[in-house]
Amino acid sequence: MMMFKQIFSSFIVGGLLAVLTQGYMNFSAGVLGAQSPLVVPMTLLLIGLTGGALFIGGIYQKIEKVGYFGAILPLCGLVAAVAGVFTGTKMETGSSSAATKSALNLVLFVLGLGTILSMLIGAIAFYTV
């Protein structure tokens with residue numbers, strides 16, 4: 001029963017974050033024009049800023065406890081994770097440079113792993129068709 005609750009909560013929280021992101025995309029398209037190439041970058045910036053602001057306010061940690069993977073997967077979850085690594089390392093070491101290095105390592109790891117996995121999946125899909 002607990003697993004069903006976690007899956008359901010993940011679905012609801014992830015869906016709400018997706019609705020928020022779509023709202024940001026509609027806002028960006030309204031401000032910049034629907035055909036502007038800056039709509040997606042502005043949307044990503046807004047959702048990232050939202051994740052960072054919610055983390056700083058201590059709200060995103062509560063969302064993660066309720067939403068599990070649904071709160072971790074979106075971009076705002078990555079921003080909150082990077083902020084968490086930064087603040088944790090800063091509290092542990094007292095050094096901003098060590099905290100920045102730790103946060104950058106996390107970003108590069110996630111982006112690198114994502115790139116490698118995408119290339120592998122793409123190659124498998126290309127050669128099996």
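Which helix holds T43? T43 is found in helix α2, one of the elements shown in the legends below.

**View 1. Overall fold of the predicted protein chain, with six helices and zero strands.** This is a predicted model, in which local features need pLDDT of at least 70, side-chain atom pairs count only at pLDDT 80 or more, and totals for chains, interfaces and linings use all residues. Residues are numbered from 1 along each chain as its sequence is written, and side-chain values use heavy atoms, with hydrogens and water left out. Helices (H or I, at least four residues) and strands (E, at least two) are DSSP runs, numbered from the N terminus. In that direction the elements run α-α-α-α-α-α. Along the principal axes, the C-alpha atoms fill a box of roughly 50 × 40 × 40 Å. The chain exposes about 8800 Å², with 78% supplied by carbon and sulfur atoms; accessible areas come from the Shrake-Rupley method with a 1.4 Å probe, and for residues only the protein chains shown count as cover. Of the 129 residues, 20% are buried (buried means under 20% relative accessible area, exposed over 50%, partly exposed in between; 1.4 Å probe, protein chains only). Contact means heavy atoms within 4.5 Å. Among contacts between residues at least 6 apart in sequence, 47% join residues at least 24 apart.

**View 2. Helix α2, residues 39-56.** The 18 residues of α2 reach 26 Å from first C-alpha to last, close to the 26 Å expected at 1.5 Å a residue (the expected span is 1.5 Å times one less than the number of residues). Buried in α2 are V39, T43, I47, G48, T50, G51, G52 and F55. These buried residues pack against α1, α3 and α5 (75-93). Just after α2, G58 has a positive phi of about 80°.

View 3. T43 is buried, its relative accessible area being 2%. Apart from neighbours within four places in sequence, T43 contacts T21, Y24, M25 and S28.

**View 4. Packing of α2 and α3.** The two axes lie 4 Å apart, and the helices pack at an angle of about 100°. Axes are lines fitted to C-alpha atoms, for helices over the stretch in contact, and angles run from 0 to 180 degrees between N-to-C directions. α2 and α3 are therefore roughly perpendicular to each other (angles under 35 degrees count as roughly parallel, over 145 as roughly antiparallel, 65 to 115 as roughly perpendicular and the rest as oblique). G51, L54 and F55 of α2 meet I59, Y60, Q61 and I63 of α3 in this contact. The residues of the contact of α2 with α3 comprise five nonpolar, two polar and no charged (Ala, Val, Leu, Ile, Met, Phe, Trp, Tyr, Cys and Pro count as nonpolar, Asp, Glu, Lys and Arg as charged, and the others, Gly among them, as polar).

**View 5. Crossing of α1 (residues 2-32) and α3 (residues 59-67).** The axes of α1 and α3 come within 8 Å and cross at roughly 135°. The pair is therefore oblique. On α1 the contact is made by S9, S10, V13 and L17, and on α3 by Y60, I63, V66 and G67. The residues of this contact of α1 with α3 divide into five nonpolar, three polar and no charged.

**View 6. K62 in helix α3.** K62 counts as exposed, at 60% relative accessibility. K62 and A29 lie 33 residues apart in sequence and 31 Å apart in space, C-alpha to C-alpha.
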